[in-house]
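Please open the structure in your viewer and keep the selection tool at hand. We shall go from the whole chain to single residues, one stop at a time.

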Amino acid sequence: MPPKFFRKEALEKLSTPEKLDQLIEVTHPHSWITLLTIILILVTGVAWGFLGTTKTKVESAGIIMSGEVFNVVATTSGQLVELTVQLNEEVQAGQVVALVEQPEITQQIQESEASKVEKEIQLAQLTQFGIEENRVQAQLIEEQKNSLEDKITTNRQRINYLKEQLDAENQLLTQGLITKAQVEQTRQQITAIRNENKSLKAKITQTLGQQLNMKNSLSQKLSGLEQRIAQDRRRIAQLREQYRLRHQIVSQHTGKVLEIMTEKGLVVSPGTPLIRLGTDLENTTENLRAVLFISSKDGKKVKEGMEALIAPSTVKPQEYGYMIGKVTYISDFPATQQGMMNVLKNDQLVRQMLSLGAPFEAHIQFAKKPNTTTEYVWTSKEGPPIEIFSGTLCSGRLTVQQQTPVSIVLPALKEFFDLY
């Protein structure tokens with residue numbers, strides 16, 4: 001008997017290699033289930049690609065507001081010597097909120113007042129001594145005039161005497177008792193005295209003119225000093241008004257002090273924010289709106305009426321979702337730094353948003369839902385259990401386009417295979 005090197009089953013298979021009467025198992029039932037699952041997934045994916053919808057969103061940041069927020073800024077340069085308001089204080093339009101020292105104007109006022117006092121002293125002295133001097137001069141002139149008039153009277157008497165002498169000499173001349181030269185000499189004396197009287201009368205007129213000029217000169221000096229004093233007074237009034245305008249910082253708005261942005265003793269310049277006021281903030285949960293700043297590359301994609309989801313910085317969107325709203329305004333041109341400052345009132349935040357370029361400004365109006373904590377519609381059922389207040393920073397997601405997935409894939413495939 002040959003040795004048994006092989007098993008009995010192996011020998012049977014070698015003796016009958018084909019078993020045509022037995023069924024062969026090609027696939028397992030689990031494989032069919034897997035194949036059907038893959039086919040179902042592919043069919044669902046294709047159907048979703050043609051019938052489904054995807055939303056294209058742009059991200060943004062901004063602030064939630066109710067009413068308006070204003071900065072009261074310094075209108076001049078100088079040292080801040082006092083803040084006349086406190087945090088949470090109600091401020092009225094036209095109220096003084098700060099005082100800024102103005103040493104240059106103060107010095108000018110002091111110099112003008114000293115100049116005015118000096119001129120007033122000069123005026124008082126000139127009035128006192130000038131009048132006395134004029135009185136003395138007028139008295140001297142009057143005496144001189146009287147002396148001249150007396151001399152004129154004396155000369156007239158001499159003329160009368162010489163006239164009588166001339167008549168007598170003319171009679172003697174006809175009688176040949178005197179010479180013609182003697183008669184002519186008497187006539188010349190009369191003429192000389194008359195000329196002297198004319199000169200004396202001119203001197204009298206001159207003295208009267210001197211007296212008048214003296215009075216006019218004093219009047220002009222007094223009037224000149226009075227005018228210069230009046231100029232100093234007007235200048236002092238102007239400087240004091242200028243000092244008041246520069247010394248006092250006045251609020252142009254009515255509201256509550258939300259923040260004090262500087263402190264006493266600092267040197268400020270025009271435009272330096274001093275305090276921040278909030279207006280119409282009696283109920284900060286009503287009429288909220290979001291002001292978003294969208295990057296320059298996405299700004300023109302946003303249109304009025306588009307859906308917006310807003311996440312306040314005080315709420316976790318993973319837990320409570322987003323506030324639902326729609327775009328009610330989008331700026332035609334990118335916002336300027338000053339325009340953003342007017343809204344955000346924060347230099348650092350403005351610089352941060354401008355770091356990626358000039359953004360577009362969009363306003364979001366929220367949908368309301370009464371009888372909830374926030375009174376606004378959220379993507380969750382009730383929203384967060386806290387109120388949302390004006391001045392809260394936020395982020396936004398704006399839906400700018402809705403399209404089928406295949407419309408997104410096809411352009412990508414064309415670009416990949418360079419089929420354009």
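The tour below begins with the whole chain and then turns to its cores, a ring pair and a helix.

Before selecting anything, note that this is a predicted model, in which local features need pLDDT of at least 70 and side-chain atom pairs count only at pLDDT 80 or more, while totals for chains, interfaces and linings use all residues. Residues are numbered from 1 along each chain as its sequence is written, and side-chain values use heavy atoms, with hydrogens and water left out.

**The whole chain.** Among contacts (heavy atoms within 4.5 Å) with a separation of 6 or more, 79% are between residues 24 or more positions apart.

**The largest core.** Which residues touch the most other members of the largest nonpolar core? Select Val302, Ile310, Ile364, Phe366 and Leu398, which do so in this core of 24 residues; a nonpolar core is a set of buried Ala, Val, Leu, Ile, Met, Phe, Trp, Tyr and Cys residues joined through side-chain atoms within 4.5 Å. Next, colour strands E1 (54-65), E10 (289-294), E11 (307-312), E12 (323-330), E13 (360-366) and E14 (393-403), each of which supplies at least two residues of the core. The largest share, four residues, comes from E13.

Now centre the view on Leu398, whose contacts beyond its neighbours within four places in sequence include Val58, Leu292, Val302, Val327 and Ile364.

**The ring pair.** Select Phe366 and Tyr376, whose ring centres are 5.8 Å apart and whose planes stand at 70°, so the pair is edge-to-face; rings of Phe, Tyr and Trp (its six-membered ring) pair if their centres lie within 6.5 Å, and planes over 60 degrees apart count as edge-to-face, under 30 as stacked and the rest as tilted. Because Phe366 lies in strand E13 and Tyr376 in the loop between E13 and E14, the pair ties together parts that are ten residues apart in sequence. Phe366 is buried at 4% relative accessibility, and Tyr376 is buried at 2%.

**A helix to finish.** Select helix H6 (residues 337-344), in which Met340, Met341, Val343 and Leu344 are buried. These four cover an arc of only 165° around the axis, which puts them on the same side of H6; the arc is that of the directions from the helix axis to the C-beta atoms.

Conventions
Buried means under 20% relative accessible area, exposed over 50%, partly exposed in between (1.4 Å probe, protein chains only).
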